[in-house]
Amino acid sequence: MSQENSRTSADDGGKDRSASQERLVYVMPQDAIQRIAENQLTLVDLWRILWRRKGFIILITTLFAIASVAYALTATEWYRAEVLLTPADKRTAPSLTDALGGLANLAGITTSTTDTVEALAVLRSKEFSGDFIEANNLMPLIFDADAKIGISAEPPDLRDAVRFFEDNVRTVSEDRRSGIVTLSVEWKDPDLAAAWANEMVQRLNDQMRDEALKEAQRNIAYLEGELGQTSVHTLQQSIGRLLEGELQKLMLARGNDEFAFKIVDPAQAPKMRSRPRRSLVAVVGTLFGGALAVIIVLIQNAVTTSRRRAPGDSAA
């Protein structure tokens, strides 16, 4: 019995091993295999196809090269003027103001000073751009520069001019490590680009200074009224210190032309254009033309090959 059981287990083990060693084989028709082999292109075949149509490829590449060079030479030249700015040093007593901030809040007084974040927000705002465009009567120039505004279904207005100005003319960037702010203005006239950049900084400083003056005057008037109404000595001292801080801010705003930003490097009329980059346009145009010609040749070869094999396939 033990020998029969061992034979049975050995037979079962052999069957299991033979079953595990079986492989699944897919059988494809001979014509399908031949069709796959015929459709595969080697590098040699690809080179032969391109060499056979080299005249067409050279023609298309040359046409694109000429067109790109002509565009680079005739395109409107734009110039970029830049102003480097740094936050203005406000020589007040911030520690005293911060220490009395709770009392000021209870009195309904805003003690926050004009900082870089607020000045940058104003500089990037659509309202500031719109005021600058209207003050300098730039709408005709902008509508002239942007053909899309002229062909718009709706009549162009200030919103269209502001959108073009922010997208194509004015750029504001900030280096968070150094705190330096760069105001860039791009325009077709280098002198105008430099003049606009410098004027925008001046308008920003004037606007921020005027707002600071108005705020300080309101706070002074309020503090003087509260000082005359209270008889508590400690409260009078606190209000007096707040009043002194507001007077300092008032004098600082009146005597400082560079209130929000100090100009490190004013804008000058650039000599070199910022765009178009003629060499880059020529190279990209030529490469695009060559790639397009190669794609056209390969598509034509694939279409021609399929048409030649179509009658044989239908007959089969």
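This report describes the overall makeup of a predicted model and the packing of some of its helices.

## Basis of the model

The model is predicted; local features need pLDDT of at least 70 and side-chain atom pairs count only at pLDDT 80 or more, while totals for chains, interfaces and linings use all residues. Residues are numbered from 1 along each chain as its sequence is written, and side-chain values use heavy atoms, with hydrogens and water left out.

## Overall makeup

The protein has 14 helices and 4 strands. These are DSSP runs numbered from the N terminus (helices: H or I, at least four residues; strands: E, at least two). Of its 316 residues, 31% count as buried; buried means under 20% relative accessible area, exposed over 50%, and partly exposed in between, with a 1.4 Å probe and protein chains only.

Among contacts (heavy atoms within 4.5 Å) with a separation of 6 or more, 80% come from residues 24 or more positions apart.

## Helix H7

In helix H7 (residues 116-124), the buried residues are Thr-116, Ala-119, Leu-120, Val-122 and Leu-123. Viewed down the H7 axis, they fall within an arc of 160°, so they line one face of the helix. The arc is that of the directions from the helix axis to the C-beta atoms.

The buried residues of H7 pack against strands S1 (79-87), S2 (170-174), S3 (181-187) and S4 (261-265), and against helices H8 (126-135) and H12 (190-229).

H8 and H12 pack at an angle of about 120°, with axes 11 Å apart. Axes are lines fitted to C-alpha atoms, for helices over the stretch in contact, and angles run from 0 to 180 degrees between N-to-C directions. H8 and H12 are therefore oblique to each other; angles under 35 degrees count as roughly parallel, over 145 as roughly antiparallel, 65 to 115 as roughly perpendicular and the rest as oblique. Phe-128, Asp-131, Phe-132 and Ala-135 of H8 make the contact with Trp-196, Glu-199, Met-200, Arg-203, Leu-204 and Gln-207 of H12.

The axes of H8 and helix H11 (residues 158-169) come within 9 Å and cross at roughly 105°, and the two helices are therefore roughly perpendicular. On the H8 side, Lys-126, Ser-129, Gly-130, Phe-132, Ile-133 and Glu-134 meet Leu-158, Ala-161, Val-162, Phe-165 and Glu-166 in H11.

## Leu-213

Leu-213 lies in helix H12 and is buried, with a relative accessible area of 15%. Leu-213 and Glu-246 are 33 residues apart in sequence and 9.7 Å apart in space, C-alpha to C-alpha.
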